[in-house]
Structures are given as C-alpha cells and as structure tokens.
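Biologist: I would like to learn how to read a model like this one, feature by feature. Where do we start?

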Amino acid sequence: MTAEQVAPGNLLKVAVVGAGGISHRHAESYASTGRTELVGVVDTVAEKAQTFAEKHGTRVYPSVTELLAAEAPDLVSVTTPPGSHAAIAIEVLAAGKSVLLEKPPVLSLAEMDAVAAAERTSAGSVYVVFQHRHGSGAVRAADLLGSGALGTPQVAVCETLWFRPRGYFAPEWRGTWVGEGGGPTLGHGIHQIDLLLHLLGPWRTINATAVRLDRPVEFEDVSTASVIFESNAVATVINSLLSPRELSRIRIDTTEGTLEVNHLYGYSDADWTYSPAPEQGDPWTASAGEDMPSNHEAQLGRLVDDLLTGQKHDTTLAATRPTMEFVTALYASALTGRSVHRADLTPDHPFYRALNGGLPQTELSEAFTP
Ligand SMILES: NC(=O)c1ccc[n+]([C@@H]2O[C@H](COP(=O)([O-])OP(=O)(O)OC[C@H]3O[C@@H](n4cnc5c(N)ncnc54)[C@H](O)[C@@H]3O)[C@@H](O)[C@H]2O)c1
C-alpha cells in the first residue's frame, strides 16, 4: 500500500474478520494508536460479530464481500482459524486492499504462494502478525546481531515448552489437520521459530522428530529439530504441549557472548540477558532504550505508522516464508525420517501442498508413534 492511498491527516480505515479471542487485541491495538477508524466486523457466527461490534463501536457485515463493498477499508485484520486465511486474503487483495493475517498465515507453502500471486496483482499488501519480532528486545537483538556488534552466532537453542491439558482438545476442530492445520510446531512453537529465524537468517538443513505421546490429536504433541543455518550456525528446536512448567526461550551463543530471552507469551526488556565472553565488552546493556513489550500493540502500532507514512512494513508475507518453509521441513523430515534441505521445498515436493504430505491418517498415526 502506498502513502497516496491514505491522505495526510486522515485515519486508516481498518476492519476485522473473525470476532473470536484474538480479535479483541487487534481492535484494542488499533484504538490505542488514535489514528484508525474501525469500520466493520464479519464473523460466520452473527452473535460473535454483534458482541464485538458493541464492545468496540463498529458495524457488523454479513460477509467479507459486503464489508469491502460498503467500507473500502485500507486494512483488514484476518483473525479467523488458519484454514480460512488464504481465501479471505485473496478476496481482500482482489478488491485492492491490504491484509493483516494472524499467525500461522496459511497452512501450506502452496497456499502461501497463491496469496503471494494475488498480492502481486493487487494494490494491497499482505502483512503477518508475529508480534515477537516487534518488542524492543528483538528489535535491538536484530540490529546488534545484524551489524556484528554481538559477534558471530554459532550455537542456538529455541524452546517452546507449553502445557495444554487433554480438555483443551475437546472442541471438535482442535487436534485435527482440517481444523488446526498442525500441532505445536505450527500452532504454538511458530512464534519462537519465527523469532529465531528473524535473528539468525536463512536455515539450510533440518533433521526432525515429531511424536504423539499423550494428547488426543491427529498430529504431534511434541517435536524436536536439529537445524543448520546458511551461516553454519547450529540450533536445536523443541515444541511441546506436554510441559507443566511452561516457558518460551531463545538462547544464542555468539563468538562474543550469550544472548538469551526467557519468557512465556510475551517478553519485555527485563526478560533479555546478555553475558559477554571473558574480556568482551557489553554492547547489549550499552544500547538499552525504551522498553516495548512484544504484544499486538507493538506490531499493530508500527504497522499503522508505516502505512500512514507510506513506509513498507517489514513483516510482510514474503518475510515470513522462511518460517513456513521451516515448519514444512520439520514435518517432512519427521514423517519421512530424512534430512530436508530448504532448497528441496519446490512445488513438486510432497509436503509443499500439505504439512502432512497428503499421507493417509493410518500412516500418519504410525509415523507419530514413537
Ligand atoms: N498472535 C498471537 O499471539 C495469537 C494468539 C491467539 C490466536 N492467534 C491466531 O489468531 C487466529 C484466531 O484465533 P482465535 O484464538 O481468536 O480463534 P477463535 O476460535 O477464538 O476465533 C475465530 C473466529 O473466527 C470466526 N470464523 C471462523 N471462520 C470464519 C470465516 N470463514 N469468516 C469469518 N469468521 C470466521 C469464528 O466464528 C470465531 O469467532 C488463529 O490463526 C490463531 O492462531 C494468534
């Protein structure tokens, strides 16, 4: 989207599709900027749309088509379950408008490329919510690692150790490929995986394991991966829904120190530490600034700023493709028992169209049994 689409001094017209749990964070984050007008909401369940509209002071539309025709919003937040993101994004793009997709943006690389193709012929753009790229700690880490000020990354650990009891999977859509699209690799660990890749750059090879130990799901309830990056740095990644003392952690050992963030569902600056190697300086502490926690307000505030000032917001669909490639490769490696190279993930790869490789459920069940 270009600056010309929103005249100087005007409000950015935003809308929300999907009025469930996370949609309220979108409405509140937009409102907190003071520079948006929430022009409408759509939900397949009319009462949910009505409750949202009353709470946030907007209008209900029965469909995305009617919302687009009546309001011509500049930006549409898509906060529906992930299986519906691609179709809604393509419809919004066809109307020449921009989209903000919740994570995971889509369920496969094929869907991602279909949305990217629609974006190429649209006046609109596609952005993705990965709020942990946008807290001040990650912004500082990306700058300092990018400039080499913290040395060269060599070893990393990326942990999403969360707990979801069996009851969490009671709703019909949960625990299924059709409803959720995947297990903790796609739905939960993706936040930390995205941040790890944002900080360390392109990955090259993945060797993974994914097993179902306890929960009533069609896919894994825990996965692990051993990763080699283009830079030759190595990392281990674990994604679990079986871990009673929950944590989210990334640790990066560079030639000059250890950078670590230790949090659960969002960090602030106090959750980051840097331990210099002997005789090294401490550029981390020296560069401390304003503390911005890694929440929706951090990313949506920046997105609104960028769109109103005509700058390119950096968390684009294209910028998050490596994360979907990583998730795809983790499933492909775990389910085939082979290493997967990033370069392997071409449109004729069996996992390009579906994270389960299109394998029959009986075969998948066997593959996820340790
Ligand atoms: N960034 C984060 O930290 C974060 C946190 C939670 C959820 N999420 C993501 O947000 C998305 C929504 O999650 P949620 O927890 O709010 O789910 P939810 O089930 O609470 O809400 C989804 C809503 O979408 C509606 N809906 C379903 N299909 C629709 C369609 N085709 N058109 C219009 N409305 C439709 C449902 O009726 C429901 O009200 C998911 O992609 C999820 O992964 C992100």
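Modeller: We can start with a loop. Asparagine 232 is found in the loop between strand S8 (222–229) and S9. Keep in mind that this is a predicted model.

Biologist: Is asparagine 232 buried or exposed?

Modeller: Asparagine 232 has a relative accessible area of 53%. The cut-off for exposed is over 50%, so asparagine 232 is exposed. Its backbone deserves a look too: phi is positive, about 80°, although the residue is not a glycine.

Biologist: Now a helix. How should I read the pattern of burial along one?

Modeller: The general idea is that an α-helix has 3.6 residues a turn, so residues three or four places apart point the same way. In helix H2 (residues 46–56), the buried residues are Ala49, Phe52, Ala53 and His56. Looking down the axis of H2, these buried residues fall within an arc of 100°, so they line one face of the helix. Glu47, Glu54 and Lys55 are exposed on the other side of H2.

Biologist: What covers the buried residues of H2?

Modeller: The cover includes strand S1 (12–17), helix H1 (23–33) and strand S2 (36–42). Just after H2 comes glycine 57, with a positive phi of about 70°.

Biologist: Which helix is largely enclosed by the rest of the structure?

Modeller: H8 is, because 10 of its 11 residues are buried. Among the buried residues are Ile190, Ile193, Asp194, Leu196 and Leu200. H8 is followed by glycine 201, whose phi is positive, near 85°.

Biologist: How do I describe the packing of one helix on another?

Modeller: Two packed helices are described by the angle between their axes and the distance between the axes. For helix H6 (residues 136–147) and helix H8 (residues 190–200), the angle is about 30° and the axes are 9 Å apart. That makes H6 roughly parallel to H8.

Biologist: Which residues of H6 and H8 meet?

Modeller: From H6 there are Ala138, Ala141, Ala142 and Leu145; from H8 there are Leu195, His198 and Leu199. Sorted by class, the contact has six nonpolar residues, one polar residue and no charged residues.

Biologist: Loops again. Where is leucine 241?

Modeller: Leucine 241 lies in the loop between strand S9 (234–240) and strand S10 (242–254). With a relative accessibility of 2%, leucine 241 counts as buried. Not counting residues up to four places away in sequence, leucine 241 touches Trp162, Phe163, Arg164, Phe169, Pro184, His188, Arg215 and Asp221. Serine 223 and leucine 241 are 18 residues apart in sequence, with their C-alpha atoms 9.5 Å apart.

Biologist: What kind of peptide bond joins lysine 103 and proline 104?

Modeller: A cis peptide bond, with omega of about -20°. Proline 104 is in the loop between strand S4 (98–101) and helix H5 (109–120).

Biologist: Is glutamate 325 buried or exposed?

Modeller: Glutamate 325, in helix H11 (residues 321–336), counts as buried at 8% relative accessibility. Its contacts, leaving aside neighbours within four places in sequence, are Leu109, Trp203, Arg342 and Leu345.

Biologist: Finally, how is the chain divided into domains?

Modeller: The division gives domain 1 (3–128) and domain 2 (134–266 + 322–367). Their C-alpha centres lie 27 Å apart. The contact between them takes 11 residues from domain 1 and 14 residues from domain 2.

Technical notes: Residues numbered from 1 in each chain as written. Predicted model: local features only at pLDDT ≥ 70, side-chain atom pairs only at ≥ 80, totals over all residues. Heavy atoms only, no water. Buried < 20%, exposed > 50% of the residue type's maximum accessible area, 1.4 Å probe, protein only. Helix = DSSP H or I, 4+ residues; strand = E, 2+ residues; numbered from the N terminus. Arc of directions from axis to C-beta. Contact = heavy atoms within 4.5 Å. Axes fitted to C-alpha atoms, helices over the stretch in contact; angles between N-to-C directions. Parallel < 35°, antiparallel > 145°, perpendicular 65-115°, else oblique. Nonpolar A, V, L, I, M, F, W, Y, C, P; charged D, E, K, R; others polar. Domains from an automatic or database assignment.
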